Amino acid sequence: MLVYVATTNPGKLHELRELTAGSDLHLMVDETYEAAPEGDTSYADNAAAKARSLRASLLARGIHAAVLADDSGLEVAALNGQPGVLSARYGGEQLSWAERRALLVGELSTATDRSARFVCVLHFIDEHGAEFVAHASVEGSITLEDRGEQGFSYDPIFWYPPLQRSFAELRIREKNAVSHRAIAMSKLLISLGDSEERENMSTHEHWRDTVRINASHISSAPEQNA
Ligand code: ITT
C-alpha cells in the first residue's frame, strides 16, 4: 500500500521508512507538502491535523492514497513536561539544534531529577478515509552534554538506561527496537493488520453466505424438479 507521509522532518522519515521496511506500507513523500499549523496542547490533535491536511491536499489533486503523520516530543519532568508538544520550536525557531539542546541542558543545571520521556502519536488514514491512531512513550533522562552522532534533534541528550547509551549513540536498528516511534509503529501495524483481517473475515463471511445461498438453491433444485 502506498502511504504519503505528512512530515518535513528527514530524521523522522528515515526512521519511519526503516520501521515499515518489512511491512505492506511503502512510504512516499509529497514534495508539495507544507507543515500544517500545529497547536500547543495535544500531540494527537497535531498528528490528526497533519494527516488530514495532507489527505485533503492529495484528494484535491485526485490522488486517493493512505497518509501517515507523526507528532512527537520530549517531556522533561523537572520542566513540568516541557518542551512537550512545542519540542520542535523550543527556545525559538532561530536556534540551531545544538543551541536548543544546550539551552535545555542548561535549564537542568541544578535539577536533581533529570528524568524525561519521548512521546509519539502516529495518525494513519487509509485510502478509504478510515483513521487509526497509535500512541507510545519511552522513558530516559537528560545527559549533562551531547553524546553520540546518530539520530536527530534531541537524541544526543536523551539517555536510555536499559542500553546505558544516549539515543544518538545507538545504531538506527537499536533505536528502532526501543523508541517511542518504534513502539507506536508496531501498535499501528497491529491495528492495521487486525482491520485487514476483519475485512478479509467479512469478505470470507460474505463469500460463505453466497456459497450457502447457492448451495441451498442447488439443493432445492431437485425438490423443485421432483
Ligand atoms: P513534522 O511536524 O513536519 O513531522 P517536526 O520536526 O515539526 O516535523 P514535531 O512537530 O512532531 O515534528 O516536533 C517534534 C520534535 O520533537 C521534533 O522536531 C524533534 O525535534 C523532537 N523529536 C521527536 N522524536 C524525536 C526523536 O526520536 N529523536 C529526537 N528528537 C525527537
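Modeller: What follows is a walk around the ligand and its pocket, with a few other places at the end.

This is a predicted model, in which local features need pLDDT of at least 70 and side-chain atom pairs count only at pLDDT 80 or more, while totals for chains, interfaces and linings use all residues. Residues are numbered from 1 along each chain as its sequence is written, and side-chain values use heavy atoms, with hydrogens and water left out.

The ligand is surrounded by 21 residues, where a residue counts as near if one of its heavy atoms lies within 4 Å of the molecule. The closest of these residues are Thr7, Thr8, Lys50, Asp155 and Lys175.

Strand 3 makes the largest contribution, with four residues. By class, the shell holds five nonpolar, eight polar and eight charged residues, where Ala, Val, Leu, Ile, Met, Phe, Trp, Tyr, Cys and Pro count as nonpolar, Asp, Glu, Lys and Arg as charged, and the others, Gly among them, as polar.

The ligand takes up the space of the largest pocket, and a molecule is said to sit in a pocket if more than half of its atoms lie within 2 Å of its grid points. A pocket is found on a 1 Å grid over the protein atoms alone, as an open set of points where a 1.4 Å probe fits, with protein on both sides within 12 Å along at least five of seven lines, and its lining residues have an atom within 4 Å of a point. The volume of the largest pocket is about 570 Å³, a volume being the space filled by probe spheres set on the points. Its lining has 29 residues, and those closest to its centre are Asn9, Lys12, Glu38, Lys50 and Ala88. Strand 3 again gives the largest share, here five residues, and the lining as a whole has eleven nonpolar, eight polar and ten charged residues.

The second largest pocket has a volume of about 180 Å³, and its lining includes Met1, Phe124, His128 and Glu199. Helix 5 supplies the largest share of that lining, four residues.

Gln82 and Pro83 are joined by a cis peptide bond with omega of about -5 degrees, and Ser153, although not a glycine, has a positive phi of about 50 degrees.

Notes
Helix = DSSP H or I, 4+ residues; strand = E, 2+ residues; numbered from the N terminus.
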